[in-house]
Amino acid sequence: MKNTPKYGDEIDRWEETMYLYESALKTMTMKAEMMNDEFVHRYRYNPIEHIKSRLKSADSIVRKLKQDGYDVTIENMNTKLSDIAGVRIICSFTSDIYQIAEMIRGQEDITVLYVKDYIRHPKPNGYKSYHMVISLPVYLSDGRKDVKVEVQIRSVGMDFWASLEHKITYKFEGCAPKALLQDLKACADIVDMLDNKMYFLNEAILAIAEEQKRAKEQEECESTEEEAKENEIKVKEAGEKETKEEFREKGTKENGYNEIQDNEIQDNEIQENEIQENKIQENKIQENRTEG
């Protein structure tokens, strides 16, 4: 595209970089939505309750680079930070989290750079979540750019605790009272217990539903077999009835034929008798003539 100006000619590098992250954010959000739609279409089940996305502000990026001891440059921004673009996927249950993570890992155009599993290894304050830093392509007029996105996958309970914990501790700027932190950790344990309880309740419900489905299928199968037997009996009875009617019809035809034969024989006998009587009368007439 010869007439298209290059980004560096008209657009600040900062805006170009943020545009890339924003595009990557949209792409990852769309992928998550499509994964959920596929589950609904194939399995009539949606593992994802909702999806959140956010792009770090310029102030947050500058503050983060300075906190980590880096100069505020575009290069450091791209290489040292992994959470400029972030997507949060909220799932119903813990089992859904790992299933979604595997689906993301299986996408051909996604490269998983690293994973932090805070579910199996929670933070000391009780924080739980599954973090993936991935790289995915963004296609521009001058070619492909690979952009990093942080994906956080949590249950509803984990997200509830993390959101409130952040609001509470943010007010203390990292210096919250020890008693408060202990209470937050206790709440995290309660949320974890609730997550597990809801998971096992859901499994029990699914098991009952499956058992009811099998019982219904068995009942329908037995009903179908019974109907088949009844139909078989009806067919057999109809066949026997038809056979009897055929025999009756055949018998009627045979009887009619025999009656015709009997009538013919009787007619023949009558004719023979008449002939005999006529001969006798003729003989008598002749004898009388001779005597006369």
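A salt bridge here is a side-chain nitrogen of Lys or Arg within 4 Å of a carboxyl oxygen of Asp or Glu. The model is predicted, so local features need pLDDT of at least 70 and side-chain atom pairs count only at pLDDT 80 or more, while totals for chains, interfaces and linings use all residues. Residues are numbered from 1 along each chain as its sequence is written, and side-chain values use heavy atoms, with hydrogens and water left out.

**Exercise 1. Describe the salt bridge of arginine 13 and the parts it connects.**

Step 1. The partner is glutamate 75, and the closest N and O atoms are 3.1 Å apart.
Step 2. Arginine 13 lies in helix H2 (residues 13-43) and glutamate 75 in helix H4 (residues 74-80), so the pair ties together parts 62 residues apart in sequence. Helices (H or I, at least four residues) and strands (E, at least two) are DSSP runs, numbered from the N terminus.
Step 3. Arginine 13 is partly exposed because its relative accessibility is 45%, and glutamate 75 is partly exposed at 44%. Buried means under 20% relative accessible area, exposed over 50%, and partly exposed in between (1.4 Å probe, protein chains only).

**Exercise 2. Locate glycine 126 and state whether it is buried or exposed.**

Step 1. Glycine 126 lies in the loop between S3 and S4.
Step 2. Its relative accessibility is 12%, so glycine 126 counts as buried.
Step 3. Glycine 126 and aspartate 189 are 63 residues apart in sequence but 7.1 Å apart in space, C-alpha to C-alpha.
Step 4. For the chain of 292 residues, buried residues make up 27%.

**Exercise 3. Characterise the largest pocket and its lining.**

Step 1. The space in the largest pocket is about 1,400 Å³. A pocket is an open set of points on a 1 Å grid over the protein atoms alone, where a 1.4 Å probe fits, with protein on both sides within 12 Å along at least five of seven lines; lining residues have an atom within 4 Å of a point. The volume is the space filled by probe spheres set on the points, which are joined across faces, edges and corners.
Step 2. The lining has 35 residues, and Lys56, Lys64, Asp83, Lys123 and His166 lie nearest the centre of the pocket.
Step 3. Helix H6 (156-170) is one of the elements that each supply at least two lining residues. H6 gives the most, with seven residues.
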